[in-house]
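Here is a short report on aromatic rings and their contacts.

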Amino acid sequence: QVQLVESGGGLVQAGGSLRLSCAASGRTFSSYAMAWFRQAPGKERELLATIRWSGGSTYYADSVKGRFTISRDNAKNTVYLQMNSLKPEDTAVYYCAARRWGTIVDGSGLDAWGQGTLVTVSS
């Protein structure tokens with residue numbers, strides 16, 4: 001079992017930047033993928049970005065490609081989401097999630113979820 005805790009959310013003006021952190025603790029996995037999701041009011045949960053702990057393969061949704069960057073620090077068991085050029089439509093609760101032995105392609109098959117952190121982008 002692994003526990004995930006997000007931090008770094010807050011209020012920012014359009015065009016600004018935030019960096020979210022997701023710290024993992026508990027069971028140590030030899031290899032697992034991690035991802036960032038978000039969910040805005042009245043909308044479906046959206047997969048934003050994925051990264052493997054082993055290797056540098058990453059994926060980005062079209063909605064954030066070129067603006068958001070997912071990265072990792074294996075020594076700290078932490079995954080980050082650097083968010084630049086934020087837009088009001090980026091306002092949502094952001095979640096990190098983990099999956100062992102598999103590729104994250106949607107919200108199914110995840111082994112752990114964080115509690116979420118709210119990002120609000122004002123116009």
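Tryptophan 113 is partly exposed, with a relative accessible area of 30%. Phenylalanine 37, at 1% relative accessibility, counts as buried. Here buried means under 20% relative accessible area, exposed over 50%, and partly exposed in between, with a 1.4 Å probe and protein chains only. The model is predicted: local features need pLDDT of at least 70, side-chain atom pairs count only at pLDDT 80 or more, and totals for chains, interfaces and linings use all residues. Residues are numbered from 1 along each chain as its sequence is written, and side-chain values use heavy atoms, leaving out hydrogens and water.

The structure holds 2 aromatic pairs. Rings of Phe, Tyr and Trp (its six-membered ring) pair if their centres lie within 6.5 Å; planes under 30 degrees apart count as stacked, over 60 as edge-to-face and the rest as tilted.

| Pair | Centre distance | Plane angle | Class |
|---|---|---|---|
| Phenylalanine 37 – tryptophan 113 | 4.8 Å | 50 degrees | tilted |
| Tyrosine 95 – tryptophan 113 | 6.5 Å | 85 degrees | edge-to-face |

Phenylalanine 37 lies in strand S4 (residues 32-39) and tryptophan 113 in strand S10 (residues 112-113), so their pair ties together parts 76 residues apart in sequence. Tyrosine 95 sits in strand S9 (residues 92-100), 18 residues from tryptophan 113. Strands are DSSP runs (E, at least two residues), numbered from the N terminus. Ring pairs join Phe37, Tyr95 and Trp113 into a cluster.

Arginine 45 lies over the face of phenylalanine 37, at 5.8 Å from the ring centre. Arginine 19 lies over the face of tyrosine 80, at 4.3 Å from the ring centre. The criterion: NZ of Lys or CZ of Arg within 6 Å of the ring centre and within 35 degrees of the ring normal.

Technical notes
Helices (H or I, at least four residues) and strands (E, at least two) are DSSP runs, numbered from the N terminus.
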